[in-house]
Amino acid sequence: MKLLKKLISRRRVLLSLAVLLVIAGLLLWRYLTPYAPAENAESALISAGGVTVEQNDNWISFEPSVISGTAVIFYPGALVEAEAYAPLAHKIAAAGHPFYIAKMPLNLAVIKGDAADEMIRVHPRQTFVLGGHSLGGVMASRYAAGHADQLEGVFFLASYPDEKGNLKDTTLSVLSVLGTEDKVVDRDNYNEGRAYLPGNTVYYSVTGGNHAQFGSYGPQKGDGQAEITEEEQQNRTARAMLDWLGNLR
């Protein structure tokens with residue numbers, strides 16, 4: 001009888017553990033489910049308008065038929081698929097700047113902060129700026145802090161550096177772009193992050209823009225309601241980036 005009770009008790013424990021593992025797995029799956037590219041982003045992955053689009057396992061490249069400026073390496077935001085930034089990439093590339101979007105493991109730039117290494121190595125004749133959206137910008141600044149001699153500048157879209165990405169004492173050109181309706185970025189941390197940027201940093205505010213519309217993946221949890229269209233936000237962002245790129249030292 002005692003043995004039977006022990007067996008029943010053990011089965012209950014194992015069953016409880018199994019249930020907990022299933023629940024934990026479902027929660028992890030839900031957390032790691034990425035934001036997928038919208039239809040217009042899928043369309044922007046097609047070569048057109050003098051821009052050739054190609055993909056490999058590590059990045060998506062947007063190569064202009066005529067290169068007229070510095071190349072761009074882009075780190076996506078957390079849990080956002082790289083393809084979601086194709087519309088913005090296509091706009092920049094159409095103006096003569098090769099644009100490379102890094103593909104991150106589990107769509108998290110924090111796992112592969114050195115993704116720029118290979119892109120720089122494979123394109124030895126090009127000069128580069130590096131940046132990203134949200135968490136991607138944080139990780140881009142960390143890479144830039146340790147590889148300033150390989151870059152011309154760093155840009156942040158709805159992002160900011162932390163102490164590990166301190167660029168204050170570098171000679172890099174820096175651009176910071178933020179939407180006025182962004183409710184995802186912590187404004188206190190954003191303002192504190194300014195202490196890690198050089199004095200010549202260019203700040204650009206997208207009036208009416210929010211956090212998600214720098215990419216094309218739909219609404220993001222916790223974000224503010226944009227007062228302009230996604231296309232308008234990306235057009236303004238592209239113009240700010242192109243102006244900045246045109247003034248690199």
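**Reading the model**

Modeller: Of the 249 residues in the protein chain, 47% are buried, where buried means under 20% relative accessible area, exposed over 50%, and partly exposed in between, with a 1.4 Å probe and protein chains only. This is a predicted model, in which local features need pLDDT of at least 70 and side-chain atom pairs count only at pLDDT 80 or more, while totals for chains, interfaces and linings use all residues. Residues are numbered from 1 along each chain as its sequence is written, and side-chain values use heavy atoms, with hydrogens and water left out.

Colleague: What is the mean pLDDT of the protein chain?

Modeller: The term pLDDT is the predictor's confidence in each residue, from 0 to 100. Its mean over the protein chain is 91, and 87% of the residues reach 70 or more. Over residues 13-31, however, the pLDDT is below 50, and this stretch has one contact in the model beyond near neighbours in sequence. Contact means heavy atoms within 4.5 Å.

Colleague: How many helices and strands does the protein chain have?

Modeller: Helices (H or I, at least four residues) and strands (E, at least two) are DSSP runs, numbered from the N terminus. The protein chain has seven helices and eight strands. Among its contacts with a separation of 6 or more, 69% are between residues 24 or more positions apart.

Colleague: Which residues touch the most other members of the largest nonpolar core?

Modeller: The general idea is that nonpolar side chains tend to be buried together in soluble globular proteins. A nonpolar core is a set of buried Ala, Val, Leu, Ile, Met, Phe, Trp, Tyr and Cys residues joined through side-chain atoms within 4.5 Å. In this model the largest such core has 38 residues, and F62, V72, F99, I101 and F155 touch the most other members. Elements that each supply at least two residues include β1 (51-55), β2 (59-64), β4 (99-102) and α7 (230-246). The largest share, five residues, comes from α3. A second, separate core of 25 residues includes I73, A116, I120 and M139.

Colleague: What does V72 touch?

Modeller: Not counting residues up to four places away in sequence, V72 touches I92, P98, F99, Y100, V129, F155, M241 and L245.

Colleague: How many residues of α3 are buried?

Modeller: Seven of the nine residues of α3 are buried, and the helix is mostly covered. Those buried are A86, P87, L88, A89, H90, I92 and A93. After α3 comes G96, with a positive phi near 105°.

Colleague: How far does α7 reach from its first C-alpha to its last?

Modeller: The expected span of a helix is 1.5 Å times one less than its number of residues. With 17 residues, α7 reaches 24 Å, close to the 24 Å expected. Its buried residues, among them Q234, M241, W244 and L245, pack against β3, α3, β5, β6, β7 and β8. Helix α5 (residues 135-146) has twelve residues and reaches 18 Å, close to the 16 Å expected. The cover over the buried residues of α5 includes β3 (71-75), α4 (116-122), β5 (128-133) and β6 (153-157).

Colleague: Is S216 buried or exposed?

Modeller: S216 is buried, with a relative accessible area of 0%. This residue lies in the loop between β8 (202-206) and α7.

Colleague: Where are S134 and A158 found?

Modeller: S134 is in the loop between β5 and α5, and A158 is in the loop between β6 and β7. Most residues other than glycine have a negative phi. In this model, S134 has a positive phi near 55°, and A158 has a positive phi of about 50°. S134 counts as buried at 19% relative accessibility, as does A158 at 2%.
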